[in-house]
Amino acid sequence: MSEQQIVEPRLLRGFRDYLPAQMNARLRMIAAIRNVYERYGFQPLDTPAQEYRVTLMGYGEENTKQIFAFQNPEEEDVALRFDLTVPLARVVAQYPDLVLPFRRYQVAPVWRADKPDPGRFREFIQFDLDAVGTSSLAADAEILCAMHDTLKALGIERFKVRFSDRKVLNSLLDFAGISHDSAHSVFRILDKLEKIGIDGVSAELTEGRIDASGDKIPGLGLNNNQVERIKEFIAVPKGKRREVLSSLESLFTKVESAKEAVEELRFVCNSLDALSISEDHVQLDLSIARGLDYYTGPVFEASLDDAPEFGSVFGGGRYDGLVERFLGRKIPAVGASIGVDRLFAAMEMLGLHRLAPSTAKVIVTVMEPSRLSAYQKLTRELREAGINTEMYLGEEKTLGKQLQYANRQQIPLAVIIGSDEFAKGEVTIKNLKLGGELQDKKKTAQGKEREEWLKLSRTVQVTVPLAETTHQIKKTLETI
RNA sequence: GCCGACGUAGCUCAGUUGGUUAGAGCACCAGAUUGUGGAUCUGGGGGUCGCAGGUUCGAAUCCCGCCGUCGGUACCA
C-alpha cells in the first residue's frame, strides 16, 4: 500500500474509545447500577437509536441544534435520540397494554451535538430509571433513594443528592412579582449561583455583566425590589431537610401558590425519613433549577463532592406532561438518569477505577511448543472448571517474555510447565499479583514485617501434581 | 456561537534576538540474564516541527489563512 492511501486513524470530536482496561471498569459500573435498579424491581427496556425527528422535537427550537439529525435512504427526517426519556414517553403512548405503573430501566448511548467538555461527550451512555403512571410522590422518594443507593453501590462515599421542586421556583416568581414569561431566564441565572456567586447572579438579573474573557452577558432588567426578593430566597440557610422546609414555609407564607410546593416537599422529606436516608447524602436544596422544559414537580440532581467541576452526574425529576404529546392525555411520570460516561470520567479523575485490561485470571505459558496439545488440554480443563484462562498465543519463546506479557495484562496467575514439570508430571503455579506486591515491599520490610515477607514469598510459586492443578488454582484465586 | 491561549517523538515538554545534521525525560525495542514479570545498566528505533502559502541567502522560530486542542463564556430536554 502506498503512503498516500493510509488513512489517518483519529476520533471525531466528542467521541471516545474505551480500551479494555477502561471498558472493564465501565462494564462493572453498569452491572453495579443495574443490580441496584433491579433490586428496586425496575424492568428492562430498549428502544432504537434512531427516532423520527418529530418524535424528539418540541421542547423549544433552540434545542434542535443539539440533535444529530439527517435523512434515511427513504428520505425521511430522522435523528439520533438525545435522551431516553422521550423514547420512553413514546413507548408508553404506543403500547396501551403496558401495565401501569410502568417502572423501567434502560441503559443505552445517546447523542448530543454539544461542544465537548471534561465529562461531556457527543456520544455517551445514560442509565435511566423511571416510573410512569403514578402521581404518588412515594415514587419520587423511591427514585431519590435509588440514586443514593446507586452511588453507594459504585463505591462512592463523598456525594450529594440534592432535590427541590419546580413549583418552588414558580412560587418564587410570584413572591418576587416577576412575570412567568421570564421563568426560563430567571431559573437559568439562578442555576449559576454556585458558579458565579450572588453578585454575579444579581448583575445578570439586572444590567448584565462582563465575564472574565471580556464577553458581554446581557442582563434581564429586573428592578431592585424583585432582586431583593430573590436574594431573600437565596439566603434561606442550608441545613437539615426539615429546617430548610420550615424556612421556606415562613418565607412564602403570603404566597398562595407556594402551598402545594411546600406540601410536596414535606411529603418527600417524610418519605426520606421513613426510608432512613441520611441528611449527609440527600439534601433539600432550593437553589437547584434544572429540567427547565418538562419538569413539573420534584427535581433531583447528584454531584460528587470531590469533582464538582463535572457538575451533575445523575439527575431527574417529575414530568407529568411528557406523555401527553404522544397520547393527548396526561400520564404522570418521574425518573432520573445517570450519566455513565460523565460519572466514569469523574471517577477516573479521582482514581476510583480498578483498571486491568484482561478478563483472564490465569495464563498458561507455553515453554515447549512441541507439546502444545498438553497446554491446550490443561487450558480446556481450567475453562471447563469455570476459570477465565488464556493460553499464551504470542511469538515469544522465553518464559520471561511470556510473564512480562501476563504482567502487562495484569493476569494474576501463571501456569508454568517446562521439561522438569513434564518429567515429573507436575505443574508450577506462580502468583504474579502477590509477587508484584512483595517486590514493592521488599525494600521497606524490616523485623517482623521482614519475617512475614519471607513467609509470603515462599507462597508466590508452588509446584503440584498435574492432577491437582485446578484445585490449587481455585485455592490460590480465593486469596486474590 | 463568542473571547483568549496553544499546536515540536506514542506521552510530557525544551529549543536562546531567524543560522548547519531539532533535543530531554517517560514509554517502546534489544542486550547484560539461552526456565521466571515490575528494579538497574548499556545500546537502539522513532519527527513532512498541525496543514497550506508568504517574507528571507536561510523559518520550529516572523506574517496571513485554514484545521485542531485547551481554557473562559453562552447553550444544555
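Helices in these legends are DSSP runs of H or I with at least four residues, numbered from the N terminus. The model shown in every view is predicted.

**Figure 1. Helix H14 at the surface near RNA strand B.** With seven residues, H14 gives the most to the surface near RNA strand B. The elements that give two or more residues to this surface are helix H6 (183–190), helix H7 (193–205), H14 (399–408), helix H15 (419–424) and helix H16 (432–441). Sorted by class, the surface near RNA strand B holds 18 charged, 14 polar and 13 nonpolar residues.

**Figure 2. Residues and polar atoms around RNA strand B.** Around RNA strand B there are 45 residues, of which Phe82, Arg120, Arg188, Lys192 and Gly436 come nearest. Of the atoms of RNA strand B that come within 4 Å of the protein, 46% belong to sugar and phosphate. Lys192 places a polar side-chain atom 2.3 Å from a phosphate oxygen of RNA strand B. For Asp83, a polar side-chain atom lies 3.3 Å from a sugar or linking oxygen of RNA strand B. At Leu432 a polar backbone atom is involved, and it lies 2.6 Å from a base nitrogen of RNA strand B.

**Figure 3. The open sheet of eight strands.** The strands follow the order S1-S5-S6-S13-S12-S11-S7-S10, and their pairing is mixed. Strand S1 (43–44) and strand S10 (282–284) each have a single partner strand and stand at the edges, so one side of each is left without a neighbour in the sheet. Within the sheet, strand S12 (residues 314–318) pairs with strand S13 (residues 333–339) in the antiparallel sense, over five bridges. Phe314 has Ile338 as its bridge partner in S13. Helix H1 (residues 20–39) packs on the sheet and touches strand S5 (102–111), strand S6 (123–132), S12 and S13. The direction of H1 makes about 5° with that of S6.

**Figure 4. Thr150 in helix H4.** Thr150 lies in helix H4, which spans residues 137–153. Its relative accessibility is 0%, under the 20% limit, so Thr150 counts as buried. Leaving out residues up to four places away in sequence, Thr150 touches Ile33, Val36, Tyr37, Phe314 and Ile338.

**Figure 5. Glu51 in strand S2.** Glu51 is found in strand S2, residues 50–52. With a relative accessible area of 7%, Glu51 is buried. A polar contact of 2.5 Å joins the side chain of Glu51 to the side chain of Arg90. Arg90 is also among the residues that Glu51 touches, together with Leu56, Val78, Ala79 and Pro87, when residues up to four places away in sequence are not counted.

**Figure 6. Asp293 in the loop between S10 and S11.** The loop that holds Asp293 runs between S10 and strand S11 (298–304). The relative accessible area of Asp293 is 41%, which lies between the limits of 20% and 50%, so the residue is partly exposed. Asp293 and His184 are 109 residues apart along the chain, and their C-alpha atoms are separated by 8.2 Å.

Notes: Residues numbered from 1 in each chain as written. Chains lettered and ligands numbered in written order. Predicted model: local features only at pLDDT ≥ 70, side-chain atom pairs only at ≥ 80, totals over all residues. Heavy atoms only, no water. Pairing = 2+ DSSP bridges. Contact = heavy atoms within 4.5 Å. Axes fitted to C-alpha atoms, helices over the stretch in contact; angles between N-to-C directions. Buried < 20%, exposed > 50% of the residue type's maximum accessible area, 1.4 Å probe, protein only. Polar contact = N/O pair within 3.5 Å; in protein donor to acceptor, adjacent residues only side chain to side chain. Near = heavy atom within 4 Å. Nonpolar A, V, L, I, M, F, W, Y, C, P; charged D, E, K, R; others polar.
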